[in-house]
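Please keep the 3D view open as you go.

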Amino acid sequence: MNSWTGWIKGALAGVTMLGAGAAQAAPVEINFYYPVAIGGPVTKIVEDLIARFEGQYPDIRVKPVYSGTYPETISKALTAYRAGQPPEVAVMLSTDMYTLIDEDAIVPFDDFVRTDEEKAWLEGFFPVFMVNSAHDGKTWGVPFQRGTTLFFWNKDAFREVGLDPEKGPQNWDEVVEFATKLTKREADGNVSRWGMQVPSSLTSYWLLQGYVAQNDGKIADETGTQTHFDSPEVVEALQYWVDLAHKHKVMKPGVIEWATNPKDFFEGRAAMITTTSGNLTNIKTNAPFPFGVQILPEHKKRGAPTSGGNAYIFNGVAPEKQEAAFQFVKWLSSPEQAAEWSIKTGYIAAREDAWATDAMKAYVAEFPGALVPHEQIPYMVPELSTHENQRISRVIDDAIEASLTAKKEPAQALSDAQKEADRILEDYRD
Amino acid sequence: MKKTNNMVVPWLLLLPATVLLAAFTHIPAVMTFINSFYRTPRGNRPARFVGMDHYSSMLSDPVFMAALKNNAIYALGTVPAAIALSMLMAIIVNSAIRGRALMRMSFFLPTVLPMIAVANIWLFFYTPGYGLIDQFLGLFGFHERNWLGDPDTVLGSLMVLAIWKEAGFFMIFYLAALQQISPTLSEAAALEGTSRWYFFRRVTFPLLMPTTLFVMINAIINSFRLIDHVIVMTRGGPDNASTLLLYYVYNVAFRFWDTAYASALTVVLLAVLALLAFVQFGVLDRKVHYK
């Protein structure tokens, strides 16, 4: 259904574009593909933003095309690109950058940034978000919506077992200590409440990256051609995660779904959880008890993963359309709009000046939890991003799942994963 | 003049079907076969002939091997069970019992529902702790189980869903076949004093054999063809314990964008299906008809 409407819209856009070519004064029309990965009236928010943009830039028309999930968006955009009809601008995962470069599908932003004001705009993003956006000294995408993971706890459960409800665990050992107290076993051995839960279905490497950063390691380097899955820091990090389930027995064994993890928290079946910052509003609305939220506990140091979408400008479209696309992206990610998008969706505003806007200040005053992701920014590490990223992330996800389900020892699973990653990335090394 | 007209008209009539078949079936199939011998072209890296490379790397591809094994288990587990269950259901709703229409409808209901919806419903059934299955088993003192998060139970959990979904559809075919069987046979058997089980074993079951063959072919094809529930419920995990062949092909083609390797995998999948169809039609077909 979605793909059909997408195609029809695409076809219609093609026809209107032909018409627009004939009339000289007609505005430049660009297509904007965007995915929806969270709840809430995202389509409405996007349309409002575009209406305002068109008010300020009357010579540009933006056609928003809702393109499904992130994987569906890149599938559609690349298919359209191969068919010679790419969208002018699309929001896709920051980690899709190498895939898009390898397909020759996108153009760098550097060619459009000319004035000082534009330079200042590009330099305004948090550096950690730009690592996933730069390659070969060029900027290929700009942060549009970014997230991280946060630590939540149930204050009632803390009180029940005699812990200070206002203070979450600060390091790995405290997590184990608290979780042991919080895990509730019935007389028959059935666990009615787990101390700690970390989701592990789909993109579980993301969670692992947090642990690795806290263990002062790196899961991959920034060239996009080398992973370090079998390094001691990564093995220790995964071992710690696996031990929560199998040695300390404070986490549900097996793979934990992203969707059921917050649900388990609401139901009182998990006393502490790690989940995406995108769940802040969800938990705020649905938790039937007072809850605490903080940045992730540390080990050797603080550390946290990032993720999310970049805006990309496509190759293979007319220069004036690319220019219009650039103006649109610049407007969309300038402080006011970035703050508005962050407040309405729960994504992290990717620029410091967005946090200084009046709207953001008012929001944070009303809901202090919204400030926690901002507090975590200095500790964030860039997301795993390599050539053939989908394949590499699947390899590491498989290793994590094999370890959590006790099919393989973490060290073995990670060494197998590294071999597989080396095989895949071999072609891209010089 | 007249003669050429006679030649042109049938070809014109065949044209729409031919064009559609060629464009959407034959040309893609041939292209898939050809592509499987080349490396995937990327924007800055052209396609290159690699011969049998994709096929030989399959043998050392652990995910492909896992998918092959899973699919074999999946087919062996779901096909006989779905056939047995659908036959049983057909016999039940063919007999003169009260509430027959309601039963027919409820047996057939899973077929009407789209697979995506069914998978979402079962996702809730399998939720650890408060899902329907765990709540039910909890009444008998069973502990919470992570059905879809444990490699030992995940494939079995998907198979149960598939059997439930498929059986109702096959029941329709058995029901039709049962109603074709002449009542004189059972009357004659009753006069002879045969038991119901003996009558089923020696008369009903053999007469249903052509239907069974048809159902079996469809069930086997479905076991390779239907992966919606895998996408919705497990995405092949944990650690590829529920990856089926077609799901792997989909992943390689549309997530990894390695279309050439995906083509090679597709060729293997087609070969497996062709072989199975050949065995069923070529060998079994001769034995199923009651003589």
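**A residue in chain A**

Let's start with Asn310(A), which sits in strand 12 (residues 304-314) of chain A. Helices (H or I, at least four residues) and strands (E, at least two) are DSSP runs, numbered from the N terminus. This is a predicted model, in which local features need pLDDT of at least 70 and side-chain atom pairs count only at pLDDT 80 or more, while totals for chains, interfaces and linings use all residues. Residues are numbered from 1 along each chain as its sequence is written, and chains are lettered from A and ligands numbered from 1 in the order in which they are written.

Is Asn310(A) buried or exposed? Asn310(A) is buried because 29 other C-beta atoms lie within 10 Å (buried takes 20 or more such atoms within 10 Å, exposed 12 or fewer, partly exposed in between, with C-beta atoms placed from the backbone). Setting aside neighbours within four places in sequence, its contacts include Met92(A), Ser133(A) and Phe144(A) (contact means C-beta atoms, placed from the backbone, within 7 Å). Val329(A) is 19 residues from Asn310(A) in sequence, and their C-alpha atoms are 10.0 Å apart.

**Where the chains meet**

Chain A gives 27 residues to the contact and chain B gives 23 residues. On the side of chain A that touches chain B, helix 18 of chain A supplies the largest share, 5 residues. That side divides into 7 nonpolar, 8 polar and 12 charged residues (Ala, Val, Leu, Ile, Met, Phe, Trp, Tyr, Cys and Pro count as nonpolar, Asp, Glu, Lys and Arg as charged, and the others, Gly among them, as polar).

**A bent helix in chain B**

Now turn to helix 9 (residues 196-225) of chain B, which spans only 37 Å between its end C-alpha atoms, whereas a straight helix of 30 residues would span 44 Å at 1.5 Å a residue. Where does helix 9 of chain B bend? The bend, about 50 degrees, is at Met209(B), and Pro210(B) follows within four residues (the angle is between axes fitted to the seven residues ending there and the seven starting there).

Among the buried residues of helix 9 of chain B are Leu208(B), Val215(B) and Ile220(B). The buried residues of this helix pack against helix 3 (62-94), helix 7 (154-180) and helix 12 (259-282) of chain B.

How values were computed. Expected span 1.5 Å × (residues − 1). Contact = placed C-beta atoms within 7 Å.
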